Amino acid sequence: MKHRGYYGGFGGAFLPEILIPTFDELVSVFESAKTDPGFRNQYETLMAQYSGRPTPLTFAANLTRHFDGAKIYIKREDLNHTGAHKANNVMGQGLLVKKMGKTRVIAETGAGQHGVACATMAAKFGFDCTIYMGEKDVMRQRPNVFWMEQLGATVVPVTDGTKILKDAINQAFRDWVTNMDTTHYVLGTACGPHPFPEMVAWFQSIIGIEARQQILDLEGRLPDRVYACVGGGSNALGLFAGFLDDPVELVGVEAGGKGIDTGFHAARLSSTDAGAGIAQGYKTYFLQDDDGQMKETHSISAGLDYVGVSPILAHMHETGTARFESATDAEVVDALKLTMRSEGIIPALESAHAFAGAFREAPTLSRDQIIIINQSGRGDKDIFTVADVLNDPEWKTFIQTKAAQYHA
Ligand SMILES: Cc1ncc(COP(=O)(O)O)c(C=O)c1O
């Protein structure tokens, strides 16, 4: 018998006994929603009216000319309300929370995009909202923290462990165990115990389903390759979902950080540094040492430095259904600069990994080949990080003047 929530040897639900009824309820509400065409319809209507879907598929004429290889298209998830694909998942889970009659949502966030999306959903649906965020991410993503608080959420900085995403997830689970009668944990990516990987991927599949139809409308044919960045894996699974039965190569790009030979990266599938293990309620590839202790991860982008990865992607990696690459921080900044200058588009640092991976390969393809890059989010939130990296003198003067005003 096929075990519930397994993808090959990965996935599952390793839960404290106290959470089992809560998960059973979630599985049952998701299973009935999934098989109810009315629910999918309600979800798609909500995303059209509230989030601006369908997001466009933009032909990148200047990048195409620059690389003189494959035709480059960009799927514009940055144009969702709140600026990232995270909206697809939170609005879907919000509808399920209403069905379950719960009144409070909690979430973890790394880059802050999921936190902002969740706080927005909570405000719209009238739920209380608490967001857990590693203290280090609170520091580097202050603008998103500001917005979450203005939207009415309580942001709790997590000071345990390495003070990043995995620590925020642990804290959110602790909260859930105490408050499960009233509270739903809106996990932000396709990780964690069953049914989260499947459920998040199902909501994100709206990306790939749209992209497939759009490229057929524009080009009359399918793309040769599609590229997406991989943190937990939700935007990648969303894009890939449109092309699973097609002869289309699926490429995931992880955070190569300072280089996969340096130890300072978050490349779980594209390096040999990760191994299969069980943590945070599910089995997947984790960056861990020989004693099974989680390693520190590094990426210029807060949204990609998670220590695990979706069990669905781990399985796709093992079966060769998708290919996984990495891009270094330096390559990502170059890709971001080139995209801004040539297309007038500002991708998030996370998304810029997908661009960097695609730019490496586009010139090796012929002019009649087509690729799609998923722009999972917009780059506004990264202005502090990017200005630091570019060492922009006028930005520094602006910050210093602002700081002086606060001291006055
Ligand atoms: C814009 C953006 N892209 C990608 C990611 C990575 O998440 P996932 O791999 O689940 O798509 C994040 C996470 O915060 C994000 O904010």
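Residues are numbered from 1 along each chain as its sequence is written, and side-chain values rest on heavy atoms, with hydrogens and water left out. Because the model is predicted, local features need pLDDT of at least 70 and side-chain atom pairs count only at pLDDT 80 or more, whereas totals for chains, interfaces and linings use all residues.

Helices are DSSP runs of H or I with at least four residues, and strands are runs of E with at least two, numbered from the N terminus. The expected span of a helix is 1.5 Å times one less than its number of residues. For helix α8 (residues 165-179), with its 15 residues, this span should be 21 Å, which agrees with the 21 Å between its end C-alpha atoms.

Rings of Phe, Tyr and Trp (its six-membered ring) pair if their centres lie within 6.5 Å, and planes under 30 degrees apart count as stacked, over 60 as edge-to-face and the rest as tilted. A search of the whole structure finds 21 aromatic pairs. Since Phe23 lies in helix α1 (residues 20-34) and Phe196 in helix α9 (residues 196-219), the pair ties together parts that are 173 residues apart in sequence. Both Phe23 and Phe196 are buried. The pair of Phe125 and Phe127 is tilted, because the ring centres are 5.7 Å apart and the planes stand at 45°; these two residues, Phe125 and Phe127, are both buried. Ring pairs also link Phe23, Phe173, Trp176, Tyr185 and Phe196 into a cluster.

On a 1 Å grid over the protein atoms alone, a cavity is a set of points where a 1.4 Å probe fits but cannot get out, and lining residues have an atom within 4 Å of a point. The count comes to 4 cavities of 30 Å³ or more, and the largest cavity has a volume of about 320 Å³, a volume being the space filled by probe spheres set on the points. Of the 27 residues that line the largest cavity, His85, Lys86, Ala111, Gly303 and Glu350 are the closest to its centre. The elements that give two or more residues to this lining are β5 (104-109), α5 (113-125), α10 (234-240) and α13 (349-361).

How values were computed:
Buried < 20%, exposed > 50% of the residue type's maximum accessible area, 1.4 Å probe, protein only. 1 Å grid on protein atoms, 1.4 Å probe; cavity = no way out; pocket = protein on both sides within 12 Å on 5 of 7 lines; lining within 4 Å.
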